[in-house]
Amino acid sequence: MTISTSQAAFMQASELVELGRTEMNDLQELLDREAIRDCLFRYCRGVDRGDEAALRGAYWPDATDNHGAYSGSATGFVDFAMRAIAATEPGIHQMHNILIDFQDAGALVETYFSAWQQLPGPSGFFRAHQKGRYVDWFEKRDGMWKIKNRKVVFDWTEVMPEPDGTREERFARAQPMGLHHPNDIVYQSSHKR
């Protein structure tokens, strides 16, 4: 069978179009992965700094959260967390391995975390160092990825008594120390220049 020059050119052009589609799909997947990671990092800022807008912004309005002591709507979790945050010192949440499995209706995301927090207890506050995984179902709506359902799996926890001295005494020369929203340095306009 003989192929004409125009048929050969058409075949090459269609192969280039298909290659372009593949590259565009790969690029979109990278953008989606980055958007999911950004959402997870905004969650950390929200819960650590007590930034309610950042924390709410990580979830869809109809999301759920099964979070150890709390299980219910994500809106209820944010309310629960904001009450606890208001009474405690800023915490630290760190994300480690983030595994993203894209599926037809969204993405299954398993994120390993470490958290250091001051928590209220029956006889006062205590320190907790926890490690575990956020097992999230993310959905993309109107071009944005957010958490639709979250289950927190605790793999390790250590409870410690409150350290002696005030926070200011403990931090001494380690300044500036982290604060809640809107007083933390990350929200200060002088730092943004």
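Which residue in β6 does Y59 stand opposite? I looked it up, and the residue in β6 is I147.

**Entry 1: ground rules.** I am working on a predicted model, where local features need pLDDT of at least 70, side-chain atom pairs count only at pLDDT 80 or more, and totals for chains, interfaces and linings use all residues. I number residues from 1 along each chain as its sequence is written, and side-chain values use heavy atoms, with hydrogens and water left out.

**Entry 2: layout.** I counted four helices and six strands in the chain. Helices (H or I, at least four residues) and strands (E, at least two) are DSSP runs, numbered from the N terminus. From the N terminus on, I read the order as α-α-β-β-α-β-β-β-β-α.

**Entry 3: totals.** The chain has 193 residues, and 35% of them count as buried. Buried means under 20% relative accessible area, exposed over 50%, and partly exposed in between (1.4 Å probe, protein chains only). Of the contacts in the chain with a separation of 6 or more, 54% come from residues 24 or more positions apart. A contact means heavy atoms within 4.5 Å.

**Entry 4: strand β1.** I followed β1 (residues 59–67) to its partners. Two strands pair if DSSP finds at least two bridges between them. β1 pairs with β6 (residues 144–161) in the parallel sense, over four bridges. β1 also pairs with β2 (residues 70–73), in the antiparallel sense and over four bridges. There I found N66 bridged to S71 in β2. I kept in mind that in a regular strand the side chains alternate between the two faces of the sheet.

**Entry 5: the turn.** β1 and β2 make a hairpin with two residues between them, and G68 in the turn has a positive phi of about 70°. A69 is found in the loop between β1 and β2. Is A69 buried or exposed? A69 is exposed, at a relative accessible area of 77%. I also took the C-alpha separation of A69 and F80, which is 9.8 Å for residues eleven apart along the chain.

**Entry 6: aromatic rings.** I found nine aromatic pairs in the structure. Rings of Phe, Tyr and Trp (its six-membered ring) pair if their centres lie within 6.5 Å; planes under 30 degrees apart count as stacked, over 60 as edge-to-face and the rest as tilted. Y43 and Y134 form an edge-to-face pair, 5.6 Å centre to centre with 75° between the planes. Y43 lies in helix α1 (residues 5–49) and Y134 in strand β5 (residues 124–141), so the pair ties together parts that are 91 residues apart in sequence. Y43 is buried at 0% relative accessible area, and Y134 is buried at 1%. Ring pairs link Y43 and Y134 into a cluster whose members include Y59, Y70 and F154.

**Entry 7: R150.** I checked R150 against both tyrosines. R150 lies over the face of Y43, at 4.5 Å from the ring centre, and over the face of Y134, at 3.9 Å. A charge sits over a ring if NZ of Lys or CZ of Arg is within 6 Å of the ring centre and within 35 degrees of the ring normal.

**Entry 8: cysteines.** A disulfide is a pair of cysteine sulfur atoms within 2.5 Å, and I count zero disulfides. C39 is buried at a relative accessible area of 0%, and C44 is buried at 6%.
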